[in-house]
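Please keep the sequence and the model in view while reading.

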Amino acid sequence: MPARSVKVTAFDWHSGDITSDTAITQLYRNTQKVRRFFVAECGSEFKFDRPFMAWLKTAVGKTMGDAVEEWRRRETTRRQT
């Protein structure tokens, strides 16, 4: 999959509207609003874990849709082991 060019700007992770197109910024935070987004996109089995949180901190410029895909990939791999 080709890399997407995403303009990274400031974003309020506590009150901003989070969509699949929302860019992950250097100031990304695991807020309750972010958790609600992931539960809506990934299902009630969504949980933050340390490796995924670390991935989010290094994913500047990717989108929340990319993060959903990464969580699903990790969850599929975890279930297969």
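**A guided reading of the model**

A23 is found in the segment that comes before helix α1. The model in which this residue is placed is a predicted one. A23 has a relative accessible area of 12%, and because buried means under 20%, A23 counts as buried.

The protein chain contains three helices and zero strands, and its pattern along the sequence reads α-α-α. Of its 81 residues, 37% count as buried. Among contacts in the chain with a separation of 6 or more, 47% are accounted for by residues 24 or more positions apart.

M64 deserves a separate look. Leaving aside residues up to four places away in sequence, M64 touches W13, I18, T19, S20, T22, I24, Y28, V34, F37 and F38.

The next step is to see how the helices are arranged. Two packed helices are described by the angle between their axes and by the distance between those axes. For helix α1 (residues 32–42) and helix α3 (residues 64–80), the angle is about 60° and the axes are 11 Å apart. Helices α1 and α3 are therefore oblique to each other. The crossing in which α1 passes α3 is right-handed. On the side of α1, the residues that take part are V34, F37, F38, E41 and C42, and they meet M64, A67, V68, W71 and R72 in α3. Sorted by class, this contact of α1 with α3 comprises eight nonpolar residues, no polar residues and two charged residues.

Helix α3 also packs with α2. Here the angle is about 150°, and the axes are 11 Å apart. An angle over 145 degrees counts as roughly antiparallel, and α2 and α3 are therefore roughly antiparallel to each other. The crossing of α2 past α3 is right-handed. P51, F52, W55 and L56 in α2 meet D66, A67, E70, W71 and R74 in α3. The residues of this contact of α2 with α3 divide into six nonpolar, no polar and three charged.

What is the relative accessible area of W71? The value for W71 is 6%, and because the limit for buried is under 20%, W71 is buried. Not counting residues up to four places away in sequence, W71 touches C42, E45, F46, K47 and F52. The C-alpha atoms of W71 and F38 are separated by 9.0 Å, with the two residues 33 residues apart along the chain.

How values were computed:
Residues numbered from 1 in each chain as written. Predicted model: local features only at pLDDT ≥ 70, side-chain atom pairs only at ≥ 80, totals over all residues. Heavy atoms only, no water. Axes fitted to C-alpha atoms, helices over the stretch in contact; angles between N-to-C directions. Helix = DSSP H or I, 4+ residues; strand = E, 2+ residues; numbered from the N terminus. Parallel < 35°, antiparallel > 145°, perpendicular 65-115°, else oblique. Left-handed = near helix turned anticlockwise from the far one by under 90°. Contact = heavy atoms within 4.5 Å. Nonpolar A, V, L, I, M, F, W, Y, C, P; charged D, E, K, R; others polar. Buried < 20%, exposed > 50% of the residue type's maximum accessible area, 1.4 Å probe, protein only.
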